[in-house]
Structures are given as C-alpha cells and as structure tokens.
Amino acid sequence: MGEPRRRVRRYRFAEGPEALALRIPEAPDAQYGTHVWPCAVVLAQFVWARRRSLPGRRVLEVGAGASLPGVVAAKCGAKVTLSDAEELPRCLRSCRRSCRANGLPRVPVLGLTWGRLAPALLALPPVDVVLGADVFYDPKDFEDILATIYFLLEKNPQAQFWTTYQVRSADWSIEALLCKWKLESVRVPLHSFGADKEHLAGSSLPGRHTIEMMIISLAKSDGT
C-alpha cells in the first residue's frame with residue numbers, strides 16, 4: 001500500500017504582530033504518528049509561552065510524528081532536532097513534511113527508538129530541552145521512554161524534558177519508574193500558559209480531553 005492521502009491543518013498561536021501561523025500535513029484517518037493529537041497542541045502552546053527563552057537553545061523532540069511542538073520551537077529560534085522510531089519510516093517522513101511545509105528544510109530528522117542505545121542516540125550533540133507529546137500512551141513503553149530520557153538528561157544535567165500526556169486510565173502511573181531512573185517531575189497547570197481552553201491555536205483538538213503537562217529533570221541528590 002502507498003502513502004495515505006494527506007491534508008494540511010493550520011495552527012495559529014496568539015494574535016497580532018507576534019502571531020505564529022503554521023501548516024502541518026496530516027493523514028486524515030488519524031494514523032498514530034501522522035496526526036496532531038491534543039497533547040501536541042497543548043505542548044506547542046507551552047513552547048510558544050516560553051518562546052523568548054528559546055533562541056539558540058538546543059531542542060530535541062522525541063516521538064515527534066507530525067512535529068507541531070518541534071516546529072514551533074524551531075520557528076521561535078531554537079536549534080531543533082526531530083526524532084521518531086527508526087523502524088517507523090512513515091513517521092520520519094511526516095517529520096520532514098512538516099518541516100518543508102513551514103520553511104524549515106534543514107531541521108535534522110533522526111531515527112531514535114526508545115530504550116535502544118543506537119549510534120544516532122550516542123552521537124547526539126548536547127541538548128537543553130527534550131520535547132515529548134503523548135509519548136506516555138502505552139504502559140509497555142513507559143520504561144523505555146524514561147530510560148532514554150535518563151540517558152539524555154545524564155549527558156545534559158541541566159536539560160529538562162517537557163511533556164504532555166492524556167489521562168486515559170487512573171491505573172497508569174510513572175511515579176515508580178521516575179524513582180527507579182532517578183528522575184523527578186513537576187506538574188505545570190494548563191491555565192498557567194493559556195492552554196485550559198476548548199479551542200487552542202485555532203484548533204478544536206484539545207476539546208474536553210484530560211491533558212496534563214509536566215517537566216521532568218534529574219532528581220537532586222541528597223546533598224543538594
């Protein structure tokens with residue numbers, strides 16, 4: 001089977017002279033990894049709220065797919081690298097399409113699979129921020145995700161992982177895994193960055209979904 005037919009969805013962050021308008025190609029049948037999910041819109045809004053801190057900062061988006069948060073970061077002046085699983089070439093092509101649609105043809109796109117110490121991961125340059133929208137989707141992947149995040153943060157101790165997730169089950173938790181991997185999290189209220197809305201960035205995608213935002217970093221040692 002060939003590539004699915006695509007549409008282009010438009011997103012607009014804020015209004016006036018600072019407004020940012022983006023075009024993101026999507027698969028209309030909402031395929032996993034080729035569609036902008038509500039968590040990505042919320043994370044992109046957080047990136048936009050932090051835009052004045054981004055010029056020159058090194059940003060990596062993991063599980064990027066359609067790449068809305070990473071594209072926003074690049075448009076705000078960050079040095080962005082996009083990544084998705086190396087065994088999912090369709091998702092990597094989706095990253096590249098989003099870059100081309102927004103005049104960002106030189107943004108690197110890498111195949112990085114969670115939990116795998118592949119050469120591309122080992123060769124990554126330093127990063128300041130890691131982005132991940134809705135990566136905590138399937139519990140079987142949670143530890144692989146956090147193992148990869150721990151590796152990145154250990155190499156870059158001042159870096160942070162900015163992530164959004166949709167609450168799908170009260171039984172799903174990453175607290176024990178955060179402790180195992182010596183990581184800590186801080187929840188960020190959606191109202192603090194203007195994301196507590198039915199419609200966001202010109203899209204109805206956030207809707208009434210229960211979405212949470214958190215920042216993960218290395219846990220502080222007892223002596224600090």
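User: At roughly what angle do the axes of helix α1 and helix α2 cross?
Analyst: In this predicted model, the axes of α1 (residues 38–49) and α2 (residues 68–75) cross at roughly 15 degrees and come within 8 Å. Axes here are lines fitted to C-alpha atoms, for helices over the stretch in contact, with angles from 0 to 180 degrees between N-to-C directions, while helices are DSSP runs of H or I with at least four residues and strands are E runs of at least two, numbered from the N terminus. That makes α1 roughly parallel to α2, a term for angles under 35 degrees.

User: Which residues of α1 and α2 meet?
Analyst: Ala40, Val41, Leu43, Ala44, Val47 and Trp48 in α1 meet Leu68, Pro69, Val72 and Ala73 in α2, where contact means heavy atoms within 4.5 Å. These contact residues divide into ten nonpolar, no polar and no charged, and nonpolar covers Ala, Val, Leu, Ile, Met, Phe, Trp, Tyr, Cys and Pro.

User: New topic: what is phi of Ser67, and where is Ser67 found?
Analyst: Phi of Ser67 is near 70 degrees, a positive value in a residue other than glycine, and Ser67 is found in the loop between β3 (58–61) and α2. Most residues other than glycine have a negative phi.

User: Is Ser67 buried or exposed?
Analyst: Ser67 counts as buried, at 1% relative accessibility; buried means under 20% relative accessible area, with a 1.4 Å probe and protein chains only.

User: And what about Asp134?
Analyst: Asp134 has a positive phi of about 60 degrees although it is not a glycine, and Asp134 lies in the loop between β6 (129–133) and α5 (142–155). Asp134 is buried, with a relative accessible area of 9%.

User: How are residues numbered, and what is left out?
Analyst: Residues are numbered from 1 along each chain as its sequence is written, and side-chain values use heavy atoms, leaving out hydrogens and water. Local features need pLDDT of at least 70, side-chain atom pairs count only at pLDDT 80 or more, and totals for chains, interfaces and linings use all residues.

How values were computed. Parallel < 35°, antiparallel > 145°, perpendicular 65-115°, else oblique. Buried < 20%, exposed > 50% of the residue type's maximum accessible area, 1.4 Å probe, protein only.
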